[in-house]
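Where do the charged side chains of this model sit, and what do they pair with? Take a look at the structure, then follow the charges through the fold.

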Amino acid sequence: MPAATNHTHPQGPFRRPGFLASGLGIALFSSAVFGLSGSFAKVLLETGWSPGAAVTARLTGAALILALPAVAALKGRWHQLRDNWLTIGLFGLIGVAACQLFYFNAVARLSVGVALLLEYLAPVIIVLWLWAASRRRPRALTSGGTLLSLAGLVLVLDLTGAVKVDLAGVLWGMAAAVCLAIYFFITAKENDTLPPIVLASGGLLVGAAVMWLAGAAGVFPMAFSTADTRLGPWTMPWWGPLAGLVVLATVLAYTSGIMAARALGSKVASFVSLTEVLFAVVWAWLLLGELPGAVQLLGGTLIVGGVILVRLDELRAPAGEAPLAPVPASPLKHANDVEPVP
């Protein structure tokens, strides 16, 4: 009888894809590079860049880089853009431009970890909105996750601690969470007619155009700086963090996120994307010397735990049970098909 393990068999262990090439490895890589955005942005903001300028430069660079693969993905089917212009426009305006602008304003006033944790309250906002709109109480697991995240929010704000949290920064972070929640509602309906890379590229292009127009109209300041930046132990010119923000935290993050969603499915990939918070905290600690206090870290754990419970409840709805509200699809079920840039 042949041995149970045959290393020359097509299905043998040497023919299995490595971890980094697997869907899970790609998803973790996507979360890791997405988590860099706050650190790269903060070093630019500290040298005199305004949040609006940082967002505009990021969106413009990423849109130009992704334009070619997006055109290739269309394969001449330009009607797909015409048929989905509203989705692309709203994604670019809310899920990209507004969400990023509010998040970068929060990062300018708060630590990167706290700003991102505030934005990740979006699923809780969705639950509360659906509860109010439908007047139907959520299931126990969703209710527990919501309460857990709200308790975590109280700890993250650390209202009685020695370090006072900037109120304006908190409001910017919550505004980013609202934009993220609205984005989930916009894209809740699964769309098989528009390639994800096209939606990502189109959204970035719309977002960049909106930012340039708003900046030119004086809606927000557009201040750039060519001063050297300090990132971890390195001093580098301004274009170093900007290149990282565009190439790593946007282009590679988007493309790897799309690959992960296709390999794992949007539901599983959306769970893995929660590790972005952990990566963002680690990057901010290594590159900026920022580390939330013990109470804030505990609060962040509660927020992420609550979001996990809410998303688990999305997957375990009993057969035949009506959804929480009469929406065509859950806003969180396709949360990672094309994730908005944080």
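**Charges and helices**

R58 is placed in helix 3, which covers residues 51-74. The model is predicted. R58 is buried, yet it has no salt bridge. Its nearest side chain of opposite charge is E276, 7.5 Å away. A salt bridge needs a side-chain nitrogen of Lys or Arg within 4 Å of a carboxyl oxygen of Asp or Glu.

What does the side chain of R58 contact instead? One partner is Q100, whose side chain makes a polar contact of 3.0 Å with that of R58. Another is T250: here the side chains make a polar contact of 2.6 Å.

Now turn to charge pairing. Side chains of opposite charge can pair when their charged atoms come close. How many salt bridges does a search of the whole structure find? The count is 1. E290 and K42 form a salt bridge, with their closest N and O atoms 2.8 Å apart. E290 lies in the loop between helix 13 (275-288) and helix 14 (294-315), and K42 lies in helix 2 (residues 37-46), so the pair ties together parts that are 248 residues apart in sequence. E290 is buried, at 15% relative accessible area. K42 is buried too, with a relative accessibility of 9%.

The axes of helix 2 and helix 5 (residues 85-109) come within 10 Å and cross at roughly 65 degrees. Helix 2 is therefore roughly perpendicular to helix 5. What is the handedness of this crossing? Helix 2 and helix 5 make a right-handed crossing.

Technical notes
Residues numbered from 1 in each chain as written. Predicted model: local features only at pLDDT ≥ 70, side-chain atom pairs only at ≥ 80, totals over all residues. Heavy atoms only, no water. Helix = DSSP H or I, 4+ residues; strand = E, 2+ residues; numbered from the N terminus. Buried < 20%, exposed > 50% of the residue type's maximum accessible area, 1.4 Å probe, protein only. Lys, Arg positive; Asp, Glu negative; His and termini not counted. Polar contact = N/O pair within 3.5 Å; in protein donor to acceptor, adjacent residues only side chain to side chain. Axes fitted to C-alpha atoms, helices over the stretch in contact; angles between N-to-C directions. Parallel < 35°, antiparallel > 145°, perpendicular 65-115°, else oblique. Left-handed = near helix turned anticlockwise from the far one by under 90°.
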